[in-house]
Every structure is written in C-alpha cells, then in structure tokens.
Amino acid sequence: MNKLIHVGFGNIVNTEKIIAIVSPDAAPVKRLVQKAKETGMAIDATQGRKTKSVLVMENGQVVLSALLPETIAGRAQEGMAPEEKEDDGKE
C-alpha cells in the first residue's frame, strides 16, 4: 500500500515516488525549480509561503513545500518498518 505524507496546507505526496528532499537554497536546486516551472513540471504546495524544501519525484516533477526538509523526512520515516529506516548506529 502506498504511504502518503502531509507536506503542508492539506497537500499530500506519495512517499514511494520521492527521490530526494532538498533545501531550495543551492544554485543548482534553484535552476532545477526554475526549469520545472518553465516546463510545467513544478507543483507549488506552499500556498504563497516561502519555499523551504523541494521534493524531487520519480517522474521528474518537483514539489515545493513550506515545511523544512527535516520535517518532511521525519514524516516519511514515521510509518516505515524498522528494517526500512536508515541505520543510525544505535543498537
């Protein structure tokens, strides 16, 4: 079953389709977002707020969110089985 996460303001994303969750501050990410907007591949889920994270999806679309990348990553990992989570070195 697909796991869905809330990315802010009532917007939901399928976690199985996410490739990366990145901060929008770096120049390459800004270029990626600009190109996605120009080609119609950007989904703006910020509701007019400042973009704090960019989700890169399998199909090349980018989702802009007003939540921090750490917040979204935490939500994505909440529903995972323990063996699916990244090993944090604690035993």
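I start with one residue and its contacts. Leaving aside neighbours within four places in sequence, Ser-65 touches Val-7, Thr-46, Lys-50, Thr-51, Lys-52, Ser-53, Leu-55 and Ile-72. Keep in mind that this is a predicted model.

Is Ser-65 buried or exposed? Its relative accessibility is 0%. The cut-off for buried is under 20%. So Ser-65 counts as buried.

Where does Ser-65 sit? It belongs to strand S6. Val-62 and Leu-64 point one way from S6. Val-63 and Ser-65 point the other way. All four are buried.

Now the sheet. Four strands make up an open sheet, and the order is S3-S5-S6-S4. The pairing is mixed. At the edges are strand S3, residues 18–22, and strand S4, residues 42–44. Each of those two pairs on one side only. On average, neighbouring strands are turned by 20° against each other, direction ignored.

What packs on this sheet? Helix H1, residues 27–39, does. H1 touches S3, S4, S5 and S6. The direction of H1 makes about 110° with that of S6.

There is another helix to point out. Helix H2 covers residues 69–78. H2 lies across S3, S5 and S6. It runs at about 145° to S3.

Back to S6, and its two partners. Take S5 to begin with. Strand S5 spans residues 53–57, and strand S6 spans residues 62–65. They pair in the antiparallel sense, over 4 bridges. Val-54 has Leu-64 as its bridge partner in S6. Leu-55 has Val-63 as its bridge partner in S6.

What joins S5 and S6? They form a hairpin, with 4 residues between the strands. Check Gly-60 in that hairpin: its phi is positive, near 95°.

Then the other partner, S4. In which sense do S4 and S6 pair? The sense is parallel, over 3 bridges. Ile-43 stands opposite Val-63 of S6.

So much for the tour. To recap on S6: S5 pairs with it in the antiparallel sense, and S4 pairs with it in the parallel sense. Ser-65 is in that strand, at 0% relative accessibility. Over to you for questions.

Methods
Residues are numbered from 1 along each chain as its sequence is written. This is a predicted model: local features need pLDDT of at least 70, side-chain atom pairs count only at pLDDT 80 or more; totals for chains, interfaces and linings use all residues. Side-chain values use heavy atoms; hydrogens and water are left out. Two strands pair if DSSP finds at least two bridges between them. Axes are lines fitted to C-alpha atoms, for helices over the stretch in contact, and angles run from 0 to 180 degrees between N-to-C directions. Contact means heavy atoms within 4.5 Å. Buried means under 20% relative accessible area, exposed over 50%, partly exposed in between (1.4 Å probe, protein chains only).
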